[in-house]
Amino acid sequence: MISAEEKKVLCDPGSDKEFLERIYQAELGRALDEEGLKYWIDDLNINGETREQVLINVRLSNEKWLRDTYKTELGRELDDEGRNWWMGDFRGKGSGKEHLTYGSDRPVQTREQVLANIRRSEEYKAKNLIK
């Protein structure tokens, strides 16, 4: 069942870019970037996805999961540094971790592995009074 707010987002006669800008703000809490714009525009125009399918896919994305996990586990919004760090783990490459010994060849991490790593962080331990 689609809520009235979702219906407004999905049915607004604006451009696909405007639709994606609204989705990014509402679901990911940030501005649409060029990479996201290209990815989702291709999904809509080349792959034939509907706006509703794109909304569902954004909600199922690793970034949305990560944003929700930050709220639940750390009690705060996901920031750019955290997004870049953990999204690099999902991709198994880059994102500023090249200086570490495992470099950009580290394996792709699952959500369970990322969650376990968040729970090992000093921030999580401090928030939950864990030594």
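The expected span of a helix is taken as 1.5 Å times one less than its number of residues. Helices (H or I, at least four residues) and strands (E, at least two) are DSSP runs, numbered from the N terminus. The model is predicted, so that local features need pLDDT of at least 70 and side-chain atom pairs count only at pLDDT 80 or more, while totals for chains, interfaces and linings use all residues. Residues are numbered from 1 along each chain as its sequence is written, and side-chain values use heavy atoms, with hydrogens and water left out.

The protein contains 8 helices and 0 strands, and the pattern along the sequence is α-α-α-α-α-α-α-α. Of its 131 residues, 37% count as buried, where buried means under 20% relative accessible area, exposed over 50%, and partly exposed in between (1.4 Å probe, protein chains only). The protein exposes about 8,300 Å², of which carbon and sulfur atoms supply 52%. Accessible areas come from the Shrake-Rupley method with a 1.4 Å probe, and for residues only the protein chains shown count as cover. Among contacts (heavy atoms within 4.5 Å) between residues at least 6 apart in sequence, 48% join residues at least 24 apart.

In α5 the buried residues are Glu63, Lys64, Trp65, Leu66, Arg67, Thr69, Tyr70, Glu73 and Leu74. Their cover includes α2 (16-28), α4 (51-59), α6 (80-91), α7 (111-120) and α8 (122-127). Lysine 64, placed in helix α5, counts as buried at 12% relative accessibility. Apart from neighbours within four places in sequence, lysine 64 is in contact with Glu27, Leu28, Val58 and Arg59. Glycine 75 follows α5 and has a positive phi, near 70 degrees.

Helix α6 has 12 residues and reaches 16 Å from its first C-alpha to its last, close to the 16 Å expected at 1.5 Å a residue. Gly82, Arg83, Trp86, Met87, Gly88, Asp89 and Phe90 are buried in α6, and the buried residues of this helix pack against α2, α5 and α7. A glycine also follows α6: residue 92, with a positive phi near 70 degrees.

The axes of α6 and α7 come within 10 Å and cross at roughly 145 degrees. Axes are lines fitted to C-alpha atoms, for helices over the stretch in contact, and angles run from 0 to 180 degrees between N-to-C directions. The crossing of α6 past α7 is right-handed; a crossing is left-handed if the near helix is turned anticlockwise from the far one by less than a right angle, and right-handed if clockwise. On the α6 side, Trp86, Asp89 and Phe90 meet Arg111, Val114, Asn117 and Ile118 of α7. By class, this contact of α6 with α7 has 4 nonpolar, 1 polar and 2 charged residues. Ala, Val, Leu, Ile, Met, Phe, Trp, Tyr, Cys and Pro count as nonpolar, Asp, Glu, Lys and Arg as charged, and the others, Gly among them, as polar.

Isoleucine 118, in helix α7, is buried, with a relative accessible area of 1%. Leaving aside neighbours within four places in sequence, its contacts are Leu66, Thr69, Tyr70, Glu73, Leu74, Trp86 and Tyr124. The C-alpha atoms of isoleucine 118 and glutamate 73 are separated by 8.0 Å, although these residues are 45 residues apart along the chain.

Two charged residues were examined in loops. Arginine 30, in the loop between α2 and α3 (34-45), is buried, with a relative accessible area of 15%. Beyond neighbours within four places in sequence, arginine 30 is in contact with Tyr24, Gln25, Glu63 and Arg83. Glutamate 49, in the loop between α3 and α4, is partly exposed, with a relative accessible area of 24%. With neighbours within four places in sequence again left aside, glutamate 49 is in contact with Asp43, Leu44, Val54 and Asn57.

Most residues other than glycine have a negative phi. Leucine 129 has a positive phi of about 55 degrees although it is not a glycine. Leucine 129 lies in the segment after α8 and is exposed, with a relative accessible area of 77%.
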